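Please walk through the annotated site and its surroundings in the structure shown here.

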Number of protein chains: 2
Amino acid sequence: MDERGALALLDSELEAVGDDAAVIDGLVVTTDMLHDRTDFPDGTTRYTAGWRSVGASLSDVAAMGAEATAAVAAYAAPAFDEAELLAFVRGASDVCAAVDAQYVGGDLDEHQEFTVATTAIGRTDAPVPRSGARPGDRVCVTGTLGRTAAALELFERAASADGQEATQLQERANDLFQFSPRVAAGRALAPHATAMMDSSDGLARSLHQLAESSDCGFALDSERVPIDDAVLEVAADDAEALELATTFGEDFELVATVPEESIEAVRDATNVSISVIGTVLERDDGITLDGESLADSGYTHG
Amino acid sequence: MDERGALALLDSELEAVGDDAAVIDGLVVTTDMLHDRTDFPDGTTRYTAGWRSVGASLSDVAAMGAEATAAVAAYAAPAFDEAELLAFVRGASDVCAAVDAQYVGGDLDEHQEFTVATTAIGRTDAPVPRSGARPGDRVCVTGTLGRTAAALELFERAASADGQEATQLQERANDLFQFSPRVAAGRALAPHATAMMDSSDGLARSLHQLAESSDCGFALDSERVPIDDAVLEVAADDAEALELATTFGEDFELVATVPEESIEAVRDATNVSISVIGTVLERDDGITLDGESLADSGYTHG
């Protein structure tokens, strides 16, 4: 059984399992596990690892349209190095502070591979589901896409570079890896969005998941996809940049469907850029990008 | 830096880190990571692993005197076997149901070693600290001690037994491994207890931690320590049984200090047995068992 099959099995077993997070009486809970081999490339600082792993769970809270309350992390490593541990905690605390949540610590475990399990908690009286998109709604994306794809390319370049060049590449990659969980944007979208989720599996896969939950189709315009500048820099050409921005994933932006008449209200309510990249169609219309079918391809979390 | 040093470092870094769990505006949060090598001996079923790992976090909620609301788990394994995954989820769901909490799912991750990270959430307006024990209070323990020590011995015996005998030993060990998180007893103790924690590091170490937090000493009576029948069975003699019950740990019972006049009220409020095993003294009196100094020895979580 692969991970998607296993997740589907779990969903069918558990009543309260929500979309990006579970919701019980307004309390939002979500947990994630990340580890060295698949999630933290060589050169990732422990500060970035703390920021990113806790941020991934906060992003799930954001995707429900909830406010973020607190986060914890279980930190497992072969040994506990004081500087590394403090850097991790500072990254975790800083990403919580960035979304007005509190980092309240966690557990330590000796483990062969550096592994982090994070849980974030939030609160909302009106969670935004994945199932409410209606034909005619517009498709919105927060921020820019492709930062993680660019970061991984820079981490790789750093690995084959020397001295100061390697250091600079790593620093840029770490900066790109520290994303802003879209809690505030999620709160701005929540009163208007008919469906919402985060883009952690890539834009294409997120749209396929929204289409399945909402029983709808999508038509997207590639010129409106907000490609991060860093992707344009590392990609061979515009086509590759678009491919990375739409399928690579792990960007933790929000993908939401919003009635046309509410777009302005959403934009007025947040400082985060909101790009309108397409329109919700009927299910039979499929999912298209510039009129071509958009495959359900993207990152599968390891 | 060893794990205790690392934990002390974290405590000093983070404001809201509580005793057994963090508390933010009445919301109680605690997380734990367990893994194959140190926590799940050969023969542990996935049902037991689900029960025990989620139960460990629920026990931390109980130790704050809080009610339990929900739990999540991140499940990591080299491959996802449907029967194993379902058994895990059922164990996790059943232990939540046993304490009126809801198991709301979690995350899956591919990982070389079977690893589980659990988070439990609770609620209380008056968390019981570790720091309030006063000379003259009585020392109480819920349930019985030594179940885990006995379970590990039975798992070992099963490993060198054959056929039906091995199966029976494993079944008994799994039963002993499925402890009841003391949420209801914690609620009964909470209005009266001056200090409380769980016994996951063993009774001796728990008392040393309470003594440090409350700046007190303890005098214990070995005849009153509630040794589980299973320990008496596996131990060579009574002395070894007492040693296992007081130092082995991982039993997840509650250790609390309660004024003499409130003991009856606590007992009236819960079905769980409450043993009075000693008295709180001044710090200078040290920690003694039958008049002999009780060492700060016990299980250090791997």
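**The annotated pair and a serine**

At 13% relative accessibility, Asp32(A) counts as buried (under 20% relative accessible area; over 50% is exposed and in between partly exposed, with a 1.4 Å probe and protein chains only). Asp32(A) sits in strand β2, residues 27-35 of chain A. Strands (E, at least two residues) and helices (H or I, at least four) are DSSP runs numbered from the N terminus.

This is a predicted model: local features need pLDDT of at least 70, side-chain atom pairs count only at pLDDT 80 or more, and totals for chains, interfaces and linings use all residues. Residues are numbered from 1 along each chain as its sequence is written, chains are lettered from A and ligands numbered from 1 in the order written, and side-chain values use heavy atoms, without hydrogens and water.

An unreviewed UniProt entry lists Asp32(A) and Asp60(A) under "binding site". They are spread over 29 residues of sequence, yet cluster in space, with a largest C-alpha distance of 9.6 Å. UniProt positions follow the numbering used here, feature names are shortened, and annotations may be inferred rather than shown by experiment.

Asp60(A) belongs to helix α3, residues 46-63 of chain A. Asp60(A) is buried too, at 9% relative accessibility. Beyond four places in sequence, Asp60(A) touches Asp32(A), Asp20(A), Ala21(A), Thr30(A) and Asp198(A); contact means heavy atoms within 4.5 Å.

The side chains of Asp32(A) and Ser57(A) make a polar contact at 2.6 Å. Such a contact is a pair of N or O atoms within 3.5 Å; within protein, one must be able to donate a hydrogen and the other to accept it, and residues adjacent in sequence count only if both atoms are side-chain atoms.
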